[in-house]
Amino acid sequence: MIWNEEFETLPREALESLQLKRLKATVDRVYATVPFYKKKFDEAGLKPSHIKSLKDMRLLPFTVKTDLRDNYPFGLFSVPMESVVRVHASSGTTGKPIVVGYTRRDIDTWAELMARTLTAAGIHKGDIVHNSYGYGLFTGGLGAHYGAERIGASVIPISGGNTKRQIMIMKDFGPTAITCTPSYALHLADVARDMGIDPAKDFKIRVGCFGAEPWSEKMREQIEKIFNIDAVDIFGLTEVIGPGVSSECIEAKRGLHVFEDHFIPEIIDPETGEPLPYGEKGELVFTSITKEAFPVIRYRTRDISCLNPELCICGRTFVRMERITGRTDDMLIIRGVNVFPSQIESALMQIEGLEPHYQLIVDRKNNLDTIEVQVEVNERIFSDEVKQLEVIEKRVVHDIKEMFGVSCKCTLVEPKTIQRSEGKAKRVIDKRQL
Amino acid sequence: MKVEQISVFLENKSGRLAEVMRVLGSAGVNIRALSIADTSDFGILRVIVNDNDKAMKALKDNDFTVSKTEVVAVEVPDTPGGLAGILALLEKQSVNVEYMYAFIERSSDNAIIIFRFDGNDRAIKALSEAGITILEGAKVYNL
């Protein structure tokens with residue numbers, strides 16, 4: 001099913017001319033209204049008028065995550081605050097998150113994109129949507145919510161957490177669709193079975209839209225079997241708009257259609273920054289071309305993917321991006337929260353006496369991500385008393401929880417037991433089998 | 001009046017205690033008393049040995065995290081209620097016991113117990129004044 005037949009099946013030529021028109025308008029707009037972009041363009045000797053075709057995109061400077069952080073909180077907004085009707089922020093970063101704004105029209109665009117996403121998964125008016133994405137600064141909850149309302153579905157705005165209650169509601173309210181992270185879906189299934197409920201038989205769910213964290217075909221098979229549903233992959237990021245950047249169609253379930261009338265995707269070589277042709281793997285880059293409050297120009301996602309221009313059986317003309325297969329940096333996504341090992345390191349370094357000999361063990365137990373911080377014990381923190389060492393462990397757990405909102409386990413280990421390779425320690429062991 | 005104790009950090013995995021014993025054994029260090037405090041992840045081995053410097057060096061050379069702590073070796077009457085009497089004395093002085101463990105050897109007719117107090121000096125004073133024998137380090141190491 002297609003929500004917006006006119007745009008989603010636009011012939012390639014018409015789509016590209018629409019993209020160019022919108023790109024030019026966006027470039028004009030950021031140059032005129034956002035000092036950060038003006039400075040970057042000027043430094044590159046670039047004028048908005050230099051953008052004459054889509055090929056000229058490569059002239060535009062990249063935007064990276066630190067640019068967004070440096071302009072915290074509202075420095076990259078391209079409209080006055082009085083035109084901003086909503087803000088959201090990225091998950092789990094030290095003190096300063098990345099803040100994005102939406103005008104009334106942006107919210108409308110976003111609802112449209114999420115309506116497309118849900119429709120592509122076969123969700124329609126008459127469905128009851130159990131929305132377990134978190135509501136709040138995180139874009140997942142409200143994004144899916146507005147989309148589901150737009151198509152006329154009934155929304156259960158359950159948000160995240162309180163799993164047993166969620167299962168009671170899923171059994172009693174009979175939702176026919178679910179939206180949540182894939183790992184949470186599996187966790188729901190585990191808890192349901194503990195409660196004597198069979199997710200395949202006792203729920204009416206027909207389809208699920210899963211995203212906000214990396215997952216795999218294997219996990220899809222697992223989820224589809226356990227719930228007896230279709231599981232569809234959706235993609236988005238706060239910096240670009242939130243969920244609703246791209247989505248699979250239930251017809252093919254092979255790659256995510258990028259809503260190219262609103263975002264231009266590129267794949268670049270992460271080393272050289274050179275754009276790569278269709279089919280080649282590289283870093284995914286997005287330029288928004290309809291956003292008002294928070295446009296982004298060539299935003300480097302650090303996600304690794306590739307683009308497939310083949311026409312899809314669903315009839316959409318949009319290119320499909322392959323499921324995200326990795327990152328170009330060391331960012332970890334723990335229960336939907338972005339965590340950089342360097343941030344954990346700086347949290348550890350604030351604890352008197354600790355040395356930077358640590359390792360993060362990431363695993364998935366009962367379908368929930370776990371993180372264990374192993375720290376080597378040195379003479380400065382060692383004590384003959386157990387309670388002194390436990391104080392250190394508790395401090396680490398507390399500080400990391402404060403910083404990321406993620407619970408971890410801290411284990412003290414003997415000196416020189418953390419693997420060192422060529423003097424450099426391997427910081428992260430990710431045991432998760434997606 | 002105090003005795004030096006060596007503490008060693010141990011991960012809770014098999015073979016670690018054996019490794020400490022091997023290191024001390026090959027260094028020719030003799031253990032006079034020991035105890036282990038354990039949690040689910042790690043343990044702290046506390047030992048009194050006949051040669052502290054040799055033991056510290058051997059353990060450090062083998063990458064163990066070690067520390068020295070002062071503890072008190074007290075002669076406790078080897079009769080029913082012997083320890084109770086000592087603890088009652090300390091309670092009066094509001095001294096807390098952080099941990100304690102018994103020595104294998106005896107001194108005359110008394111048992112020896114190693115104490116770590118939250119105030120070692122106050123404890124020593126109170127016990128001495130009550131006529132309880134506190135053993136010197138040199139004596140303990142060579143018992």
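## Two domains in chain A

In chain A, the C-alpha centres of domain 1 and domain 2 sit 32 Å apart. Keep in mind that what you're looking at is a predicted model. Domain 1 of chain A covers residues 5-327, and domain 2 of chain A covers residues 332-430.

Where do these two domains of chain A meet? Contacts link 13 residues of domain 1 of chain A with 15 residues of domain 2 of chain A. On the domain 1 side of that meeting place, you'll find three nonpolar, eight polar and two charged residues.

## The nine-stranded sheet

Now look for the open sheet in chain A. Nine strands build it, with mixed pairing, in the order β4-β3-β5-β6-β7-β8-β9-β14-β13. Which strands of chain A stand at the edges? They are β4 (154-156) and β13 (307-308). Each of these has a single partner strand, so one side of each has no neighbour in the sheet.

Sheets in general are held by backbone hydrogen bonds between strands, which can pair parallel or antiparallel. For one example of pairing here, zoom in on β9 (residues 256-258) and β14 (residues 320-321) of chain A, which pair in the antiparallel sense over two bridges. There, His257(A) faces Arg320(A), a residue of β14(A).

## Helices on the sheet

Helix α5 (residues 104-120) of chain A packs on this sheet. It touches β6 (207-210), β7 (230-237), β8 (242-247) and β9 of chain A, and its direction is at about 50° to that of β8(A).

In soluble globular proteins, nonpolar side chains tend to be buried together. In this model, the largest nonpolar core contains 87 residues, and Ala185(A) and Val245(A) have the most contacts inside it. Helix α5(A) turns up again here: it gives the largest share of this core, seven residues.

Which residues does Ala185(A) touch, if you leave aside its neighbours within four places in sequence? The answer is Ile178(A), Cys180(A), Gly208(A), Phe210(A) and Ile223(A).

## Two domains in chain B

Chain B is split as well, into domain 1 (3-69) and domain 2 (71-141). Their centres, taken over C-alpha atoms, are 23 Å apart. Ten residues of domain 1 of chain B are in contact with twelve residues of domain 2 of chain B.

On the domain 1 side of this contact, β1 (3-11) and β2 (31-38) of chain B each give two or more residues. Strand β2(B) gives the most, with four residues. Sorted by class, this side has four nonpolar, four polar and two charged residues.

## Where the chains meet

Methods. Residues are numbered from 1 along each chain as its sequence is written. Chains are lettered from A and ligands numbered from 1 in the order in which they are written. This is a predicted model: local features need pLDDT of at least 70, side-chain atom pairs count only at pLDDT 80 or more; totals for chains, interfaces and linings use all residues. Domain bounds come from an automatic or database domain assignment. Two residues are in contact if their C-beta atoms, placed from the backbone, lie within 7 Å. Ala, Val, Leu, Ile, Met, Phe, Trp, Tyr, Cys and Pro count as nonpolar, Asp, Glu, Lys and Arg as charged, and the others, Gly among them, as polar. Two strands pair if DSSP finds at least two bridges between them. Axes are lines fitted to C-alpha atoms, for helices over the stretch in contact, and angles run from 0 to 180 degrees between N-to-C directions. A nonpolar core is a set of buried Ala, Val, Leu, Ile, Met, Phe, Trp, Tyr and Cys residues joined through C-beta atoms within 7 Å. A residue is buried if 20 or more other C-beta atoms lie within 10 Å of its own, exposed if 12 or fewer, and partly exposed in between; C-beta atoms are placed from the backbone.
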